[in-house]
Amino acid sequence: MKPYYTLADLLDEEHPFDAGETVPARLAVIGFPIAHSKSPAMQQAALDAAGIRARYIRIQAAPEEFGEVVRLLRKRGFTGANVTVPHKQAACFLCSDTDALSRATGSVNTLVFQQDGSVSGFNTDGPGFARAIREEFSVDLRDLKVALLGSCGGAGLALAYTCAMQRCERLTLAGRSEEKLQELKNRLSSFFIDEHRLEGASDRLAAHQNNTPRFNAAVEEADLIVNATSLGLKPTDPSPVPPSLLSAHHLVYDLQTHDDAFQMEARFQGARVSNGLSMLVHQGALSFERWFGIKPDISAMRQALEQKHD
């Protein structure tokens, strides 16, 4: 099996797309680059466990190719697709209808190709994160004081809206740009106005630039610290949080799916720590539910992902 397909493969009439395969490709993850994606192993396990004869493949598409790739997948009878960097915003514009989180963030990671030719879009990153927190720490977001690092971009934006929509106890947005942080804070403030609470929105929602005194204080006071930054991708990356701010009362969730400095420092301080594999499983499971209307075998997905991760 090819590590990934391209627009040229979809356009090649002389060499049929599924030539030599006993099972047709009906689902894909589209990104640029895409070879690193763990989704195929996880979703293929779900398909096989459900007895659905279909393959889940990778497709690498440059930004200018994305729209044509989606058009060709629909033409070839695909059920749907996952979308990753850098196409999540472009995917939103292609959809005739979207869910609330997609509309709020302008970002879609799951496409469903409807029988009438329309495309529906969903963002499963946020709900997948909420399920992961419940699974890993046996607590709901609404009961937590959350410090979200990297809240203004990528998956971090979906997580920020999810925390707000679930009315978490307190949310501290953290990032590098003061302008973007304040803009996001203004957009989320209405979720924190509650006539039954004595606190106002300003007490439950804050935005601080990284490594400032207010940022440090918010991290120390948080129940849950979430790393949605790119720090941790490279082995040499430092922790996004100074080790001195971490303690045993913290819950730490890192979207990186491998051990990094942040996770190791947090464990050393006695915190409860989880990497992003559980979020990957749950957002993938939610995509599967959108495609087929049934719940997938979570244990099969997790096992395939862990084997791939090893």
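At what angle do helix H6 and helix H7 pack, and how far apart are their axes? In this predicted model, local features were considered at a pLDDT of at least 70 and side-chain atom pairs at pLDDT 80 or more, whereas totals for chains, interfaces and linings use all residues. Residues are numbered from 1 along each chain as its sequence is written, and side-chain values rest on heavy atoms, with hydrogens and water left out.

Helix H6 (residues 125-137) packs against helix H7 (residues 155-165) at an angle of about 65°, and the two axes lie 8 Å apart; helices (H or I, at least four residues) and strands (E, at least two) are DSSP runs numbered from the N terminus, while axes are lines fitted to C-alpha atoms, for helices over the stretch in contact, with angles running from 0 to 180 degrees between N-to-C directions. H6 is therefore roughly perpendicular to H7, given that angles under 35 degrees count as roughly parallel, over 145 as roughly antiparallel, 65 to 115 as roughly perpendicular and the rest as oblique. The crossing of H6 past H7 is right-handed; a crossing has this hand if the near helix is turned clockwise from the far one, and is left-handed if the near helix is turned anticlockwise by less than a right angle. Asp 125, Gly 126, Pro 127, Phe 129 and Ala 130 of H6 meet Ala 155, Ala 158, Leu 159, Thr 162 and Cys 163 of H7, contact meaning heavy atoms within 4.5 Å. By class, this contact of H6 with H7 comprises 7 nonpolar, 2 polar and 1 charged residues, where Ala, Val, Leu, Ile, Met, Phe, Trp, Tyr, Cys and Pro count as nonpolar, Asp, Glu, Lys and Arg as charged, and the others, Gly among them, as polar.

An open sheet of 6 strands with parallel pairing has the order S10-S9-S8-S11-S12-S13, two strands being taken as paired if DSSP finds at least two bridges between them. Its edges are strand S10 (205-209) and strand S13 (272-274), each of which pairs on one side only, and the twist from one strand to the next averages 15°. Within this sheet, strand S11 (residues 224-227) runs parallel to strand S12 (residues 251-254) and is joined to S12 by 4 bridges, with Asn 227 partnered by Asp 254 of S12. H6 packs on the sheet, where it touches S11, S12 and S13, and the direction of H6 makes about 135° with that of S12.

Strand S2 (residues 25-31) and strand S3 (residues 55-60) are paired in the parallel sense over 6 bridges, and Ile 57 of S3 is the bridge partner of Ala 28.

H2 passes H12 in a right-handed crossing, and the contact involves Met 42, Gln 43, Ala 46, Leu 47 and Ala 50 of H2 together with Leu 280, Val 281, Gly 284, Ser 287, Phe 288, Trp 291 and Phe 292 of H12. These residues divide into 9 nonpolar, 3 polar and no charged.

Phe 113, which lies in strand S6, is buried at a relative accessible area of 11%, the classes being buried under 20%, exposed over 50% and partly exposed in between (1.4 Å probe, protein chains only). Neighbours within four places in sequence aside, the contacts of Phe 113 include Val 70, Leu 73 and Arg 74. Asn 211, in the loop between S10 and helix H10 (213-221), is instead exposed, with a relative accessible area of 52%, and has a positive phi of about 60° although it is not a glycine.

Arg 167, likewise not a glycine, has a positive phi of about 55°; Arg 167 is found in the loop between H7 and strand S9 (170-175) and is partly exposed at 42% relative accessibility. Cis peptide bonds link Phe 32 to Pro 33, with omega near 0°, and Val 85 to Pro 86, with omega about 5°.
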